[in-house]
Amino acid sequence: MPTLAPRPVFSALRLPAERGLLGLLLGLALLALLISIALPVAALLGMSFFDAKGQFTGLANHWAYAASPNMGRSLFNSLWLSLLSAAICVGLAYGYAFALTQTCMPGRRFFRAVALVPVLAPSLLMAISLIYLFGNQGLLKSWLMGLPGVSSIYGPFGIVTGSVLWTFPHALLILLTALGTSDGRLYEAAASLGASRWRVFRSVTLPASRYGLVISFVVVFVLVITDFGVPKVIGGNTQVLATDIYKQVIGQQKLQMGAVVALILLLPALLAFWVEQRLRAAQGASLSVRAVPYQPQPYPLLDRAMLLYCSLIAALLLAVLGVAVFASLATFWPYKLAPSLINYQFDLMDGGGWASYSNSLKLALGTALLGTALSFLTAYLVEKPRQMAAVRKLLNAVASLPMAVPGLALGLGYILFFNAAWNPLHFLYGSLGLLMICTVAHFFSVAHITQLSALRQLDREYELVAESLGVPFWKTLLRVHLPVSLPTLVQVAGYFFVNALTTVSAVVFLYSPETSLASVAVLAMDDAGDIGPAAAMAVLIFATAAVGRLVLALLERLLINKTQRWRAR
């Protein structure tokens, strides 16, 4: 019986053309990432060594900032506030994640959904809500009088509280994964040896989740130390590095000194990124292929205690969000609380009016489309081709760089690079297109890694078989890789959409009067004392993000039902 042989003639004819096309795609993808990520960061590094006239000054700018009294105070405040916020946030999130994964507490899906709601809101919303609760005219202002060392919400207490509230879901997602992959065999062995629940927790649960604990701490620390919104709105006179950059660039127009502060802010972020990468590698190496998923058993006392704990945290999160919604509808806080839409008359306020919201919607949609397509292309080029290994490694390294670059630093780098007269891309400066490119770059690393994970689900045999049959790589991409990755593409699109709506730090330096954004408008209205309209715009951002995520979730389910039925076979 004759055997089927591959078609080497057709494969050989197509091979040079395919290699050329792959090389072209790799070159274009690498050029796009260099322009949008690497070169702006390089411009930021270089500008700190020059003065306003473009003269090289060496370390003069660095020494000048180091000699100022602001440097030590801002650095100290940034570090201790971020460390304290991370410790509190991770501690609360660990207990919440433990309840959702290690107990039979009722309503776990509900509590999980409630805890993840703050992801859809800008960090500014939490700070504004705290002002309505504990500010000078807050509903619960008197509650702060009983706290030792706390006289006002404006300052360290407000920064820590607001930071914990908006970073809580980020820590929870990591800890849910860490605790949700527990090996059930260890619990069975501990139970057979008669170990108490406390002993099992200390000997099994806690050691198994230690990497998740440390990684979540690092992630929250980086989020807080690089956040600009919370300390700007509720920080009062407390100086931190993030607000120092804003004052140097916006307040004093000193781009060189802003670059110096951005570099200082970049150092702890880089260190935290390095620690996170090392821990992720160690965590992946410690997973066992023989692990059995842990199924918690009912324990009434523990289940009731965890139900009370989760109820308190969920009620706190809902109350903070609810106060912001209520305040946005109040006619004149706190004297006339009757609901009205007066705060939603944005065209009568500072901040760009309804055009800002329209720009944010355009930015979110454009970022979702561009970011999803580019992150899928780079992930494919890094993972699937077998040629040009050095270029693919460089592409992967550049794609991972934004994870370690704070948004404020990236935004300042965009000013220095795209506003330069010699740059042929100077025409983009001030446009919505540049805001879109910056936003994609800011959140690119997570999307790239997510797409890589999806593509790695497919064995390389698919490409080998396609090559042996003479099938061009683009047909395999369209018929195999793309359909399998469709649910992940929708998830990545939702990630870009929500973050483009809520981000402030990366775009606060780049917008023009014609391209003002809703998140920036919240800052402008808060600065002008229009806190009611600021709350209204933040609530509108939250509602838009929620609707967008709901639509994408329905689309994802539809695509899974249409294209992923083979997974259940």
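Lysine 232 and aspartate 527 form a salt bridge, with their closest N and O atoms 2.5 Å apart; the term denotes a side-chain nitrogen of Lys or Arg within 4 Å of a carboxyl oxygen of Asp or Glu. The pair links distant parts of the chain, 295 residues apart: lysine 232 belongs to helix α10 (residues 229-234) and aspartate 527 to helix α21 (residues 518-527). By this rule the count comes to one salt bridge. The model is predicted, so local features need pLDDT of at least 70 and side-chain atom pairs count only at pLDDT 80 or more, while totals for chains, interfaces and linings use all residues. Residues are numbered from 1 along each chain as its sequence is written, and side-chain values use heavy atoms, with hydrogens and water left out.

**Overall architecture**

- The chain holds 22 helices and two strands; these are DSSP runs numbered from the N terminus, with helices (H or I) of at least four residues and strands (E) of at least two.
- Of the 569 residues in the chain, 51% are buried, where buried means under 20% relative accessible area, exposed over 50%, and partly exposed in between (1.4 Å probe, protein chains only).
- Among contacts (heavy atoms within 4.5 Å) between residues at least 6 apart in sequence, 80% join residues at least 24 apart.

**Surface**

- The chain exposes about 26700 Å², of which carbon and sulfur atoms supply 68%; accessible areas come from the Shrake-Rupley method with a 1.4 Å probe, and for residues only the protein chains shown count as cover.
- A nonpolar patch on the surface consists of Phe76, Trp80, Leu84, Ile88 and Leu92, with about 420 Å² of accessible area together.
- Patches are made of residues with over 30% relative accessible area and no salt bridge, like charges being joined within 9 Å and nonpolar side chains (Val, Leu, Ile, Met, Phe, Trp, Tyr) within 5 Å.
- An α-helix has 3.6 residues a turn, so residues three or four places apart point the same way.
- Phenylalanine 76 lies in helix α3 (residues 69-102) and counts as exposed because its relative accessibility is 54%.
- Aspartate 527, the acidic partner in the salt bridge, counts as partly exposed because its relative accessibility is 47%.

- Helix α9 (residues 210-225) has 16 residues and should span 22 Å at 1.5 Å a residue; its end C-alpha atoms are 23 Å apart, which agrees.
- The expected span is 1.5 Å times one less than the number of residues in the helix.
- The buried residues of α9 include Tyr211, Ile215, Phe221 and Ile225.
- Helix α18 (residues 444-455) has twelve residues and reaches 17 Å from its first C-alpha to its last, close to the expected 16 Å.
- Buried residues in α18 include Phe444, His448, Gln451 and Leu455.

**Aromatic pairs**

- The count comes to 14 aromatic pairs; rings of Phe, Tyr and Trp (its six-membered ring) pair if their centres lie within 6.5 Å, with planes under 30 degrees apart counted as stacked, over 60 as edge-to-face and the rest as tilted.
- One aromatic cluster is formed by Tyr344, Phe346, Trp354 and Tyr357.

**Two buried positions**

- Serine 505 sits in the loop between α20 (473-502) and α21, and it counts as buried because its relative accessibility is 13%.
- Leaving aside neighbours within four places in sequence, serine 505 is in contact with Phe228, Gly407, Leu408 and His442.
- Leucine 489 is located in helix α20 and is buried, with a relative accessible area of 12%.
- The C-alpha atoms of leucine 489 and threonine 450 are separated by 9.1 Å, although the two residues are 39 apart along the chain.
- Leaving aside neighbours within four places in sequence, leucine 489 is in contact with Thr372, Phe376, Gln451 and Leu482.
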